[in-house]
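Subject: Two-chain model for your review

Dear colleague,

I am handing over the structure we spoke about, and below it you will find my notes on what turned up in it. Please read them with the coordinates open beside you.

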Amino acid sequence: MNTTDPEVREYLAELRRALATGPLGERELVVDGVRQHIDDALASGVPVQQVLEDLGDPLVIAAAAGGPAPAASPVPGFLERRSGSVLVALLIAFGGLVVPVAGWIVGVVLLWASKGWRTVDKVVGTVASPVLVVLVVFGAHVFSGVTSASAAAPSGGQTSLGPLLPEAYDVTWTVLLLLPMIQIGVAVYLLLRFRPAR
Amino acid sequence: MEADRLLANLRKGVVESCVLAVMRQGEVYGVDLARRLTASGVLASEGTLYPVLARLRTSGLVTTRWEESPSGPPRRYYRLTASGERDVEQFDTTWRRFSAAVTGILEETA
């Protein structure tokens, strides 16, 4: 290495001093790169004066340091790819059937962890099923209340969705039948709204 | 704004991407890279390449290797990583559109 040359040594010392206020890691990389450059240029026969002049003022070099580090494009993770979105959708649609409640919760957790959906879509994907179920049950309750009142049932005041079944059983039936359909609907919505990372 | 400061500001925005772009043709060693970019005016002086390279290496966009040279000291070669390739392609697209827009504005208002 030609750090024996006094001019080169002085130049590098000046460069170090100029970089002293910046981050340590970057400083070493810069000094190392410049030292390599000097070695190569001298080896190809360029005179020392010329090499250092072409490199330029150490203060100018140091001024070019300390800029914001460029952010590397993140590698799309599994949850940001189509295959990941399908898994999330399947868990939300059928997770609750395979492992009740927990399966669905895993789907929702992955939904929120993924960068492939906007927050709006994530909120819809999470609350749509519970909200829709509540609305349907409430609506059916109200509807059956209206119809049974107008049909003048013998046991006045009892609301039911069918003439032969008790109320609690109807609600459960409704939820069990509708919930999977609503879950599938939510899953389809999520698949359509997915935006895979480039 | 005086010409020097204007030039410095413009360079700041593109110098990293230009360094990446030169590496699209294959790995390069420092002196070549510095000379080429200084000659084209993208770098103010050859030395200003090295802070840029330092940032690109820290961000994982550029990687290096040593090669023993028969006629002198071992040389460090710089080349793009996969992330670096993605970034420079993104820059290529964005730059073309943006610079066309700027040129368009200047031409219609000349």
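Read from the N terminus, the elements of chain A run α-α-α-α-α-α-α-α, a total of 8 helices and 0 strands. Please keep in mind throughout that this is a predicted model. Of the 198 residues in chain A, 34% are buried, and among its contacts between residues at least 6 apart in sequence, 58% join residues at least 24 apart.

Chain B is built from both kinds of element, with 4 helices and 3 strands, and from its N terminus the order is α-β-α-α-β-β-α. Buried residues account for 41% of the 110 residues in chain B, while 46% of the contacts in chain B between residues at least 6 apart in sequence join residues at least 24 apart.

The strands of chain B

The three strands of chain B make up an open sheet with the order S1-S3-S2 and antiparallel pairing, in which S1 and S2 of chain B are the edge strands, each pairing on one side only. Strand S1 of chain B, residues 28–29, is joined to strand S3 of chain B, residues 75–80, by 2 bridges, and within this pairing Val28(B) has Tyr78(B) as its bridge partner, whereas Tyr29(B) is partnered by Tyr77(B). On the other pairing, strand S2 of chain B (residues 62–67) runs antiparallel to S3(B) over 6 bridges, and here the bridge partner of Thr64(B) in S3(B) is Tyr78(B).

Over all chains the structure holds 10 salt bridges. One of them is formed by the side chains of Glu27(B) and Arg65(B), at 2.5 Å from N to O. Because Glu27(B) lies in the loop between helix H1 (3–22) and S1 of chain B, and Arg65(B) lies in strand S2 of chain B, this pair ties together parts that are 38 residues apart in sequence. Glu27(B) counts as partly exposed at 31% relative accessibility, and Arg65(B) counts as partly exposed at 29% relative accessibility. Arg65(B) also forms a salt bridge with Glu67(B), where the closest N and O atoms are 3.0 Å apart, and Glu67(B), at 33% relative accessibility, counts as partly exposed.

A further salt bridge joins the side chains of Arg96(B) and Asp92(B), again given from N to O, at 2.5 Å. These two residues are 4 residues apart in helix H4 of chain B (residues 82–108), so about one helical turn separates Arg96(B) from Asp92(B). Are the two partners buried or exposed? Arg96(B) counts as exposed because its relative accessibility is 57%, whereas Asp92(B), at 16% relative accessibility, counts as buried. Both residues belong to a network of salt bridges that links Arg24(B), Glu89(B), Asp92(B) and Arg96(B).

Where the chains meet

At the interface, 30 residues of chain A are in contact with 28 residues of chain B. The area buried between chain A and chain B is about 2,300 Å², and carbon and sulfur atoms give 58% of that area.

How many salt bridges does the rule find across the interface of chain A and chain B? There is 1 salt bridge across this interface, and Arg76(B) forms a salt bridge with Asp32(A) in which the closest N and O atoms are 2.4 Å apart. Across the interface the rule also finds 7 residue pairs in polar contact, with both residues at pLDDT 80 or more.

On the side of chain A that touches chain B, helix H2 (24–43), helix H3 (48–55) and helix H4 (58–64) of chain A each supply at least two residues. The largest share comes from H2(A), which contributes 12 residues to that side. Sorted by class, the side of chain A that touches chain B has 17 nonpolar, 8 polar and 5 charged residues.

With best regards

Note on methods
Residues are numbered from 1 along each chain as its sequence is written. Chains are lettered from A and ligands numbered from 1 in the order in which they are written. This is a predicted model: local features need pLDDT of at least 70, side-chain atom pairs count only at pLDDT 80 or more; totals for chains, interfaces and linings use all residues. Side-chain values use heavy atoms; hydrogens and water are left out. Contact means heavy atoms within 4.5 Å. Buried area is the accessible area (1.4 Å probe) that two parts lose on being put together, summed over both. A salt bridge is a side-chain nitrogen of Lys or Arg within 4 Å of a carboxyl oxygen of Asp or Glu. A polar contact is a pair of N or O atoms within 3.5 Å; within protein, one must be able to donate a hydrogen and the other to accept it, and residues adjacent in sequence count only if both atoms are side-chain atoms. Ala, Val, Leu, Ile, Met, Phe, Trp, Tyr, Cys and Pro count as nonpolar, Asp, Glu, Lys and Arg as charged, and the others, Gly among them, as polar. Two strands pair if DSSP finds at least two bridges between them. Buried means under 20% relative accessible area, exposed over 50%, partly exposed in between (1.4 Å probe, protein chains only).
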